[in-house]
Amino acid sequence: MAQAQEFEKVLSSSDTSVAAFDEHKSAVKRVQHFLHSTPAAVPLIVLLLAIIVFGITIGGRFFSSYTLTLILQQIAIVGILGAAQTLVILTAGIDLSIGVIMVISAVIMGNCAVSYGLPSVLAVAIGLAAGAACGLLNGVLVAYMKLPPFIVTLGTWNIVMATNFIYSANETIRDTDVDNQAPLLHLFALSFKIGTAVLTLGVIATVVLVLILWYVLNHTAWGRHVYAVGDDQEAAKLSGIQTKKVLVTVYTLAGLIAAFAAWVSIGRNGSISPSAAVTDYNLQAITATVIGGISLFGGRGSILGTLFGAMIVGVVSMGLNMLGADPQWKVLLTGVLIIGAVAIDQWIRKVSA
C-alpha cells in the first residue's frame, strides 16, 4: 500500500462539515413575509378592527343582525364591480368603463323586456352579451393594438356613456313596469331569513361570485396565467403563455361581470335609470380593490381582499352614519385607507424585490 502523501494527511484531518447559513429573521421580517404570502390578511385585519371600533363606540345597535345585513346589501353591487376590476388590475391594467358598462347593460335589459316585450330570460341574455361585448372591445384594443389600458377604457367610458344616453333618451323605466312585465329582473331583490338576519339573493350572488373567482384564480391554469401576465408580461410570453388571449378574456369577463352587476342593481334599486351612469361606480370599485390589497402594479393580491375592502367601506360608512358624523368624514377616511393600502403594498413588495 502506497504511503499517503503530505497533502493527503492534511486533508484527512481537515473539517469536512458543509457551510450553513443561519438566517435569523426579525419579527418585522416575519410579518412582512406573512403578509406577502397572505394578501387578504391586511384588509381582513382592518375590517375586524373597524367592526370592533364602531361596535365599542356605538354599542349593541351596531352588532344587530339588521345593521350587519344592511351593510352587506349596500356593498353587493360595489363588491361585484370590484371583482371585475380585480381581474383587470391583476394583469397590471385598469378599467374605467366598468361602471357605465353596468348601467348600459341594465338599460338594455329593461328596454328589451319592458319596451320591446321580449321574454325576460332573453332580455337578461342580451344585456349580459352587451356587457361582454364592451369588455371584448377593451381587451382587443389593449392586447392587439397595444394601447394603454387607462387611455382605452377612458375612451370607451365616454363612448358607452354617450351611447347610453342616446339609446335611452335618458328615460327611466319605472319599478312598477319592471314588476308587472319582467319580474325576473327583480330576482336578486328576493330576501330570506337566517335566524334574525335578512339576506337578499344579491348578497348571496356577490359572495358566490367572489368564491368562484377565487377558486379559478388560485386553482386553474388560466388563473395562474393572469397573475403571470400581471407580474411580468414579457416573461410570461417567453414562458409560452398566450398573453394576448389572457388579456382579451380578462377584459371580456370583466365586462360580463359588470353586466351581471347590472342585473343585481335592478333588484337593488327597483327602477332602471340611465342617469346612474354619472354615479362614481368606477371610483367605488377601484377603492374596494385597492383597499382590498390588490396591487396596482399587477400580479399580486387576493380577490377575497376585494370583498373585504368593499365591506370596510360599508362598515365605515354605516358606522359614521349611525354616529351622526359629517359625511365628509367618510370621504376623508376612505382617502386615508387608499393611501395606507398603497403604502403597505409597497412595503410588502420589498420582500420579492
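Of the 353 residues of the protein chain, 46% count as buried. Buried means under 20% relative accessible area, exposed means over 50%, and partly exposed lies in between, with a 1.4 Å probe and protein chains only. The model is a predicted one, in which local features need pLDDT of at least 70 and side-chain atom pairs count only at pLDDT 80 or more, while totals for chains, interfaces and linings use all residues. Residues are numbered from 1 along each chain as its sequence is written, and side-chain values use heavy atoms, with hydrogens and water left out.

Let me turn to the chain as a whole. The protein chain has 15 helices and two strands. These elements are DSSP runs, numbered from the N terminus: helices are H or I with at least four residues, and strands are E with at least two. Along its principal axes, the C-alpha trace spans about 105 × 55 × 35 Å. The chain exposes about 17700 Å², and carbon and sulfur atoms supply 67% of that area. Accessible areas come from the Shrake-Rupley method with a 1.4 Å probe; for residues, only the protein chains shown count as cover. Among the contacts with a separation of 6 or more, 76% are made by residues 24 or more positions apart. Contact here means heavy atoms within 4.5 Å.

Next, the record. For "transmembrane region", the unreviewed UniProt entry lists residues 40-63, 75-108, 120-143, 150-167, 187-217, 246-266, 304-323 and 329-348. UniProt positions are given in the numbering used here, feature names are shortened, and annotations may be inferred rather than shown by experiment. How do two of these spans look in the model? Residues 120-143 are 100% helix and 0% strand, and their end C-alpha atoms lie 34 Å apart. Residues 329-348 are likewise 100% helix and 0% strand, with 28 Å between the end C-alpha atoms.

I now come to the residues around Asn138. Asn138 belongs to helix H6, residues 120-143. Is Asn138 buried or exposed? Asn138 is buried, because its relative accessible area is 0%. Its side chain is joined to that of Thr156 by a polar contact of 2.9 Å. A polar contact is a pair of N or O atoms within 3.5 Å; within protein, one must be able to donate a hydrogen and the other to accept it, and residues adjacent in sequence count only if both atoms are side-chain atoms. Leaving aside neighbours within four places in sequence, Asn138 is in contact with Asp95, Ser97, Ile101, Val152, Thr153, Thr156 and Tyr251.

Ser97 sits in the loop between helix H4 (65-90) and helix H5 (98-115). Ser97 counts as buried because its relative accessibility is 0%. Which side chain does Ser97 join through a polar contact? The partner is Asp95, at 2.6 Å. Beyond residues up to four places away in sequence, Ser97 touches Asn138, Thr153, Thr156, Trp157 and Asn282.

The loop between H4 and H5 also holds Ala92. Phi of Ala92 is near 70 degrees, a positive value in a residue other than glycine. Ala92 is partly exposed, with a relative accessible area of 40%. Asn170 also has a positive phi, about 55 degrees, although it is not a glycine. Asn170 lies in the loop between helix H7 (149-168) and helix H8 (175-181), and Asn170 counts as partly exposed at 42% relative accessibility.

A further buried residue is Met318, at 10% relative accessibility. Met318 is part of helix H14, residues 303-323. Not counting residues up to four places away in sequence, Met318 touches Phe62, Thr67, Leu70, Ile71 and Gln74. Its C-alpha atom is separated by 9.4 Å from that of Lys330, twelve residues apart along the chain.

Finally, the surface. How many salt bridges are there? The count comes to one, where a salt bridge is a side-chain nitrogen of Lys or Arg within 4 Å of a carboxyl oxygen of Asp or Glu. Arg174 forms a salt bridge with Asp177, with the closest N and O atoms 3.2 Å apart. Arg174 is exposed, with a relative accessible area of 52%.

Leu44, Ile45, Leu48, Leu49, Ile52 and Ile56 make a nonpolar surface patch of about 570 Å². Patches are made of residues with over 30% relative accessible area and no salt bridge: like charges are joined within 9 Å, and nonpolar side chains (Val, Leu, Ile, Met, Phe, Trp, Tyr) within 5 Å. Leu44 is located in helix H3, residues 41-58, and Leu44 is partly exposed, with a relative accessible area of 33%.
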